[in-house]
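The structure is shown first, and the notes follow by topic.

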Amino acid sequence: MNTQRWIVLLSFTLALGACASQFSVPPITRSATGEHLPGKIIWHDLLTDTPVRTQVFYTELFGWKFEALPDKGINYMLIRHQGELIGGMIDQNRLPNEKDISQWVVGLSVTNIEEATRTLREAGGAVFTAPTSLGDRGYIAVVADPQGALLALLQTRDGDPLDVKGPPAVGQFLWNELWAEDVAGAEQFYRRLSPYTVEQETLETRDGEVEYRILKTGNKPRAGIRPNPVDGLQPMWVSYLRVADAAQLDAILDNVEPLGGRILVPATARPGGGMVAIIAGPSGAGIALQTWSDDQTLEQQLEKRP
Amino acid sequence: MKTIITAFKVVLVASVVAVLSGCDDPQVYGSVGISSGYSNYGGYHHGRYGYGGSGVRTSISVGGRIY
């Protein structure tokens with residue numbers, strides 16, 4: 001091989017190497033916190049096969065803003081609400097998947113992603129994407145828990161969003177809940193994965209008693225586990241957005257179908273107080289809406305129970 | 001000199017192609033094989049459940065944040 005060819009080959013190698021090293025997604029916090037909160041759900045990614053209609057849907061309903069990254073080669077948009085980063089959106093049409101995978105994916109904080117992935121494998125979970133660098137954001141692994149619920153493990157580079165007093169803003173993520181086939185098995189797995197303590201509640205509903213488990217770290221409620229309420233539905237994580245009150249919930253639901261979405265569960269009274277509904281966006285990705293007042297506390301919730 | 005110019009052109013073209021093709025995107029969701037369950041969820045439309053699927057028969061009367 002002559003000198004010129006060597007230079008050409010070297011040039012290609014350098015160009016591709018530079019490409020690989022450039023990949024980076026912004027951190028999930030405005031500034032480095034330096035603190036990791038394993039067991040906290042710190043992020044939400046939306047996979048959608050209708051990215052344009054999805055943006056209109058969430059912008060109209062909740063005032064979210066979608067922001068493309070400067071590098072157009074990266075299939076990722078940031079989602080902001082009132083200036084705060086709350087999630088990301090991926091265009092499913094640009095992925096090689098054969099199935100329609102439109103859905104919301106929760107991002108669970110871990111301190112050691114390699115170890116967490118190993119734990120998940122040993123427990124019978126599936127690893128779709130082994131720990132992978134996202135540059136400034138840190139590392140991600142895309143997995144399914146042993147019962148098949150999809151989630152992402154995130155080891156942030158600069159720290160996780162810190163806990164704040166009071167509820168999140170209206171239109172932001174309020175809660176995350178696993179609909180499991182085997183609640184006890186799910187509890188066992190997630191306690192192995194993260195340093196959770198568990199509080200068990202029995203909720204009286206019109207359909208009878210439902211066991212509900214609250215996963216906590218440092219006395220902070222992080223997520224819930226409940227029996228899968230729908231026959232034949234794959235176990236999955238369901239995220240809840242905060243809605244101010246019943247009037248706002250009704251107003252949102254009135255606009256769901258005109259914007260191309262579906263109402264999966266209409267506004268329904270919760271035994272603990274407030275209302276809940278479940279909707280799907282234009283891609284079919286479902287999300288729950290729950291009313292939550294600014295001063296809602298455990299005591300108030302308990303008083304309202306039957 | 002000619003060799004250097006050629007190399008420079010190659011780097012430029014390769015870089016542009018690489019960026020445009022998104023070669024640097026690891027596509028972390030690219031091997032997910034789990035579909036959303038909502039397509040089988042049924043739904044609620046004009047006061048009735050069940051359109052669009054065979055799924056839900058009851059409303060979800062619990063769930064969500066407790067405190």
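Which residue takes a positive phi in the hairpin of E3(A) and E4(A)? In this predicted model, the residue is A:Gln82, with phi near 50 degrees, and the hairpin has two residues between the strands.

**Domains and their contact**

- The domain assignment divides chain A into domain 1 (41–156) and domain 2 (173–304).
- The centres of the two domains, taken over C-alpha atoms, are 20 Å apart.
- Contacts link 31 residues of domain 1 of chain A with 30 residues of domain 2 of chain A.
- On the side of domain 1 that touches domain 2, two or more residues each come from strand E1 (41–48), helix H2 (51–62), strand E5 (103–109), helix H3 (113–122) and strand E8 (150–156) of chain A.
- H2(A) gives the largest share of that side, eight residues.
- By residue class, that side of domain 1 has 18 nonpolar, nine polar and four charged residues.

**The sheet**

- Eight strands of chain A make up an open sheet with mixed pairing, in the order E2-E3-E4-E1-E5-E8-E7-E6.
- Strand E2 (65–68) and strand E6 (126–133) of chain A are the edge strands; each has a single partner strand, so one side of each has no neighbour in the sheet.
- From one strand to the next, the twist averages 25 degrees.
- H3(A) lies across E6, strand E7 (138–144) and E8 of chain A, and runs at about 175 degrees to E6(A).

**E3(A) and its neighbours**

- E2(A) and strand E3 (residues 77–81) of chain A run antiparallel and are joined by four bridges.
- Across this pair, A:Phe66 has A:Ile79 in E3(A) as its bridge partner, and A:Lys65 stands opposite A:Arg80 in E3(A).
- E3(A) also pairs with strand E4 (residues 84–91) of chain A, in the antiparallel sense and over five bridges.
- In this second pairing, A:Ile79 stands opposite A:Gly87 in E4(A).

Methods:
Residues are numbered from 1 along each chain as its sequence is written. Chains are lettered from A and ligands numbered from 1 in the order in which they are written. This is a predicted model: local features need pLDDT of at least 70, side-chain atom pairs count only at pLDDT 80 or more; totals for chains, interfaces and linings use all residues. Domain bounds come from an automatic or database domain assignment. Two residues are in contact if their C-beta atoms, placed from the backbone, lie within 7 Å. Ala, Val, Leu, Ile, Met, Phe, Trp, Tyr, Cys and Pro count as nonpolar, Asp, Glu, Lys and Arg as charged, and the others, Gly among them, as polar. Two strands pair if DSSP finds at least two bridges between them. Axes are lines fitted to C-alpha atoms, for helices over the stretch in contact, and angles run from 0 to 180 degrees between N-to-C directions.
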